[in-house]
Amino acid sequence: QVQLVESGGGLVQAGGSLRLSCAASGRTFSSYRMGWFRQAPGKEREFVAHIARSSTSYADSVKGRFTISRDNAKNTVFLQMNSLKPEDTAVYYCVAVAEVLWAVRGRYDYWGQGTQVTVSS
């Protein structure tokens, strides 16, 4: 079982930056694919970014503005968000899945509780 705890959300003006962190429990963090999803009010949850060992992928809406990274020694994944826009306002969720299971099922097994990001215009 993996527990994920997000932090770093808050209120920021448009054009500003925030850095989200997600601390994961467990001893095999480096073998997990980690990612971020978000859900805005009245909208479906959507993919933001993921990192698998050293490769990364981003949603088109955040490409060039957001950067996902990980520190395996600290069991932590980060999401650096720059040039924030009001449409980035959402609850951001950290997700995880063992890489071997992702290859079979293609879905995330573990979700954090979420952290609110609000971008004012």
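**Arg38 and the four-stranded sheet**

Modeller: Leaving out neighbours within four places in sequence, Arg38 touches Glu44, Arg45, Glu46, Val48, Ser61, Val62, Phe66, Glu87, Asp88, Ala90, Val91 and Tyr92. Keep in mind that this is a predicted model. Arg38 itself belongs to strand β4, which covers residues 32-39. Its relative accessible area is 6%, and Arg38 counts as buried because that value is under 20%. Two residues from the contact list also meet the Arg38 side chain through polar contacts. One is Asp88, whose side chain makes a polar contact with that of Arg38 at 2.9 Å. The other is Tyr92, where the side-chain polar contact with Arg38 is likewise given as 2.9 Å.

Now the sheet. Four strands form an open sheet in the order β1-β3-β8-β7, and their pairing is antiparallel. β1 (4-7) and β7 (66-71) are the edge strands; each has a single partner strand, so one side of each has no neighbour in the sheet. On average, and ignoring direction, neighbouring strands of this sheet are turned by 15 degrees against each other. In general, strands of a sheet pair through backbone hydrogen bonds, in either a parallel or an antiparallel manner. For β7, the strand joined to it by 6 bridges is β8 (residues 76-81), and the two run antiparallel. Within this pairing, Thr67 stands opposite Gln80 of β8. Phe66, listed among the contacts of Arg38, falls in the range 66-71 given for β7.

Technical notes: Residues numbered from 1 in each chain as written. Predicted model: local features only at pLDDT ≥ 70, side-chain atom pairs only at ≥ 80, totals over all residues. Heavy atoms only, no water. Pairing = 2+ DSSP bridges. Axes fitted to C-alpha atoms, helices over the stretch in contact; angles between N-to-C directions. Buried < 20%, exposed > 50% of the residue type's maximum accessible area, 1.4 Å probe, protein only. Polar contact = N/O pair within 3.5 Å; in protein donor to acceptor, adjacent residues only side chain to side chain. Contact = heavy atoms within 4.5 Å.
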